[in-house]
Structures are given as C-alpha cells and as structure tokens.
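Visitor: I have a structure open and would like to learn how to read its features. Could you walk me through it?

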Amino acid sequence: MARRLAIGKQDYARIVEGDFFYVDKTRFIKEWWECGDDVTLITRPRRFGKTLTMRMTEQFFSVRYAGRSDLFQGMEIWKEQVYQSLQGTYPVIFLSFADAKGEDYQTVRKCLCRILEDLYRSFRYLLEAPMLGEAEREFFGRVSDTMDDADAGIAIKRLSEYLYLYYKKRVVILLDEYDTPMQEAYVNGYWQQLALFMRKLFNSAFKTNPYLERAVMTGVTRVSRESIFSDLNNLEVVTVTSEKYAEVFGFTEDEVVRALEEYGLSGYMQQVRRWYDGFTFGNLANIYNPWSILGFLSRKEFAPYWANTSSNSLVGRLVREGDAAVKTDFERLLHGQALVKSIDEQIVFSQLDDDASAIWSLLLAGGYLKVEKRELDQLSDRWRYTLSFTNVEVRLMFEDLIRGWFAKENRSYNLFLKALLLDDVEVMNQYMNKISRSVFSFFDTGNKPSEESEPERFYHGFVLGLIVELSGRYVISSNRESGFGRYDVMLEPLQKNDPAALIEFKVQDACEGSLEVTAKNALKQIQEKEYASVLLAKGIAKERIRAYGFAFRGKDVRIEGAPGGDF
C-alpha cells in the first residue's frame, strides 16, 4: 500500500511517525560525520530538502531526542552499531533564518534578534542549572529583539558555552537558510549594513567558539568569504558543482522510478523527466526536484510546482535590470539555446549589478540553469560552463515572470501590441506613459539620486517582455550587429504581409531640448547606422520596415515612429 503524501512537511520526526512518503537520506549523517569538517556550508536550490535534512540531523544527534531510536530504525543509518550509539548524545543548536525578511535593515535585524530570543527561550531550563552564575543569567535575560549589536553578535557563542557547561560536551550548530536575509538586503538596498551584523554573528559562532563540535549551514547561495566569512578559514563549502553529498538533496532517477511505481504512475516517467529532471550536483546528473515530484504524485498532473512556491524577486530584478547583453542571453535561453559562461560560485552581491558572470553564478546556484558541459579554457585557465534552462518547469517560470511585470495593465498591454502592429504611435505613447506612472518604481526608471542608474536597461527589458507574445509571428532579437552598429530590438516577420520593426532606446541628454528631439535622434541613429541592413538582405522590402525611437527621462516617455521610406 502506498504511503500517505504530505506536501510541505519539513519535520523528519512527524514524517516518520505519520508514515508519510519519505526517501531515506539518513546516509548524510554518516557521510558528514566521518568527513570531520568543523563548519560545512552546503548550497542547494530552494525546496530541495535542506530543511528536512537539517531537522533529521538535529533529531539524530540532539539530547532532546535521546531514546528515540524508533525514528531511525529501518533507515540506512541504523545499519551500523556505532551510529546507533551516537543517537541523542549531543547538545544541538538549531536555527533557521527563513523568516528573516523585510524591506529595511531595522526590520530584518529585529527578525534576527527575535530568532535568537526564541532560541534562548527554548533553553530556559539552563537558568536553573547551578553551573550558571549571575553574569550568565543576566546575559540570558538581555537576549531580546531589542538587544544591542554586541550582545546579538555573541549570542550563539554564549549559548554554546552554557550548553557545554551543562552537558560537558561541545555543541552541534545547525543553521538553515543562512542567506535568506542577505538576499533580502540586496533586493531592498541595505546590504552593507546587514553584512557587518552577520559577519560578527558568524565569526563568533563558527570561528572563535571553543564550545563548537561541528556545524552545518545551508542556503541557496555561496556568499563571498570577504563579505561575511572573512575570518572563517575552517569553512568547507559544498556547492552544486561539488562531489560531496551529491545524492543527499533532491531525488535521483532511481528514487523517482521507485516513487512512480509506488503510486502506479510508472507510465509517466518520460514526461516527468522532461518536466522535472535536469539538475546536476557534482558529476551526478539526472537529479529531480523533490517538491515537484511530490506535487505530481499528489495531483497526477504536470504543472510548475517548484517555480510557483515562492517569490522570485531577486531573479526578477536581475533579469529586468540586466544590461542588453543579459537580456539577449535570456532571449537565447527562451528559444532553447545554450550559453557558454565562466562561473565564480562565490556570490558577491555588490557585483550583481555590474558583473554578468555573478548573475549566471546565482542562477546556477538557484537551480534555474543546468550545466550541460564543463571545459577548461586553455588560454585563461578558467572553467567554461555550457548552461541552459534546467527543464520545462523553469522555462515556463521565466516566461510567466516576464508577462507578470505588466499583468496589472493586461488590457492596456494588449492595446500596446495592437497599436504596434497597426503603427498607432499615439496609442503606444499613451500606454507607455500610463504604465510608467502607475506601475514602474522610481528605482526601476533610474530616478533614485543615490544610484548610478542605467534606466534604459529597464525599458529595454520591459519592451522585450511586451513583445514576447509576438514570438509566433516574429523572430525577436536584441543587441545584434547590423549595418554599422548594434540595434536594440528587431522584429523580423515570419509572414510575408506583416511589417518588420526596429526599436532604439535613448535617455534624454542635457543638450536635447525635449523628449521629442531625443526620440527623433534615436530614429536618426537607426538610419545612419543602417540597422535595417539585415532585414533588407533577407528580402524584406524597405516599405515594410518601421522604425521607433523610444526616449525617456525618468518616468516620462516619448515614442516617435517612421516608415521605411522615411529613414
């Protein structure tokens, strides 16, 4: 009889006690313990069982679960006597930063301090211990969501000391989703403040802590050592390209085959592979997303379960605000092509706005891209990765992400496409100015005084998103060479009666008296650079080619158009 299915359960004990579907990953305990690493950082995409694995590890080692051999009997870890004797023998500190989110630094700092306060509350029995003196009890009472940075920075280290005094044994520290607040900080613009806070906390807990036995941190990204791990030279980093623990997170193909058999769905294996396969950890290919597999087993229908589980705000910002080259690369990915990129797996959030390689590294770490091939470049001595969208589910997510940028104005959006096809420049202007004022933020369009902005990146990406719906009628290309330069956007018709179009974006210069002048200068550039050369070479008559100049100043937009005979 098939086991019960439960979506979203992340507590190992509850899953085992309730006889819910579970793929045995307890071999991680043996593999990790025998490696002997002081501090291990493991990065995996979201919804890949990181929290469940950390809870399993906690419940295996923690003294709070002493005598709970029933949780592990029948599992792989219980086959070895030495590990039976380890179960329930260590004090364990378990934390999760999953809820440390907020639009400003003070909000996230308060969340982090509250997590530490809740942690201390769970160990209140230590206050009755005779080995704690008055100073220790006083510090215990100071741990709250209003404590100062000095107390917050040493809170985990101090709790480790108290547990060591009580149990006469060093502690195991497990920190889940360590990078969630840092992603929030990058998206909302308070990275530097939070990095300083986190650096003090991590160095105290994991570097200068004499009461630490071992520790594991999990997250999606490998944040650079310089930003928060500057003094942590005892850190073992395991990323998606590492060999260690390759089978622990996610389902292997054999595990998926057995799961489909258990629920009478073996006939769907080929479709399951197309939708949910594609992840590679180290050299182990054909890893499946557990969340999506559970969704399919439960509902017996194909859908983007994983891609729809949480906000993709960071990914959305990177795509939306990426330069023309990034948008061109995404266009290739959406058309099923692969990219060849150098990857540095240390994510430096401060470089994401300027360093395209950092963007691809983050997308690989997040599971949005898969490695098809890895080769050493003999000239640069750097690894070059051939990357593509992981599977159908991810590709659909990005298509929906682009459409979602202007979902609030769906009716106007349809009007814009109609206006473009009908060459109705007046309606195109009405649309762009309406949505600019009602939807776009000042940050999007470059009116934030503290930013060195490139607002044309946003408009470029937004317009590409608008016209992606025309991909069945047009070949849409961006930032390609033609004539004597690179055009911004080209629409090449697939039907002989449809018009072609060239689009150029320009920010108003101080010397230009009006947006109308700027837009006409964009049209002049299309003419002088002979961007229409590619279209003409393919036999498209000049009269069928239209040109549009988009000019903008903050949220003000002006579009000028010209038929092929006029440029």
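**Reading helices, burial and ring pairs**

Guide: Let's begin with a helix pair: α8 and α9 are roughly antiparallel to each other, because angles over 145 degrees count that way. Please keep in mind that this is a predicted model.

Visitor: What describes two packed helices?

Guide: In general, two packed helices are described by the angle between their axes and the distance between the axes. Here, the axes of α8 (residues 180-188) and α9 (residues 191-207) cross at roughly 160° and come within 9 Å. The crossing of α8 past α9 is left-handed.

Visitor: Which residues of α8 and α9 make the contact?

Guide: From α8 come P181, M182 and A185, and from α9 come W191, L194, M198 and F202. By type, the residues of this contact divide into seven nonpolar, no polar and no charged.

Visitor: Now a single helix. Why do residues three or four places apart point the same way in an α-helix?

Guide: The general idea is that an α-helix has 3.6 residues a turn, so residues three or four places apart point the same way. For a case to look at, take α2: its buried residues are R27, F28, I29, W32 and W33.

Visitor: What covers the buried residues of α2?

Guide: The cover includes the strands β1, β3 (171-176) and β4 (212-219). It also includes the helices α3, α4 (81-84) and α11. After α2 comes G36, whose phi is positive, near 75°.

Visitor: K30 also lies in α2. How is K30 placed, and what is it in contact with?

Guide: K30 belongs to α2, which spans residues 27-35. K30 has a relative accessible area of 24%, so it counts as partly exposed, the class between 20% and 50%. Setting aside neighbours within four places in sequence, K30 is in contact with I77, E80 and Y83. K30 and I77 are 47 residues apart in sequence, yet their C-alpha atoms are 6.9 Å apart in space.

Visitor: Next, the rings. How many aromatic pairs does the structure hold?

Guide: There are 40 aromatic pairs in the structure. One of them joins F21 and F251, edge-to-face, with 6.4 Å centre to centre and 75° between the planes. This pair links distant parts of the chain, 230 residues apart: F21 is in the loop between α1 (12-17) and α2, and F251 is in the loop between β6 (235-238) and α11 (253-262). F21 counts as buried at 10% relative accessibility, and F251 counts as buried at 8%.

A further edge-to-face pair is F48 with F279, at 4.8 Å centre to centre and 70° between the planes. F48 sits in the loop between β1 (39-43) and α3 (50-61), while F279 is in strand β7 (residues 279-281), and the two are 231 residues apart. F48 is buried at 1% relative accessibility, and F279 is buried at 3%.

Visitor: Which rings are linked into a cluster?

Guide: Ring pairs link Y12, Y22, F28, W32, W33, F60, F61, F72, W78, Y90, Y245 and F249 into a cluster.

Conventions: Residues are numbered from 1 along each chain as its sequence is written. This is a predicted model: local features need pLDDT of at least 70, side-chain atom pairs count only at pLDDT 80 or more; totals for chains, interfaces and linings use all residues. Side-chain values use heavy atoms; hydrogens and water are left out. Axes are lines fitted to C-alpha atoms, for helices over the stretch in contact, and angles run from 0 to 180 degrees between N-to-C directions. Helices (H or I, at least four residues) and strands (E, at least two) are DSSP runs, numbered from the N terminus. Angles under 35 degrees count as roughly parallel, over 145 as roughly antiparallel, 65 to 115 as roughly perpendicular and the rest as oblique. A crossing is left-handed if the near helix is turned anticlockwise from the far one by less than a right angle, and right-handed if clockwise. Contact means heavy atoms within 4.5 Å. Ala, Val, Leu, Ile, Met, Phe, Trp, Tyr, Cys and Pro count as nonpolar, Asp, Glu, Lys and Arg as charged, and the others, Gly among them, as polar. Buried means under 20% relative accessible area, exposed over 50%, partly exposed in between (1.4 Å probe, protein chains only). Rings of Phe, Tyr and Trp (its six-membered ring) pair if their centres lie within 6.5 Å; planes under 30 degrees apart count as stacked, over 60 as edge-to-face and the rest as tilted.
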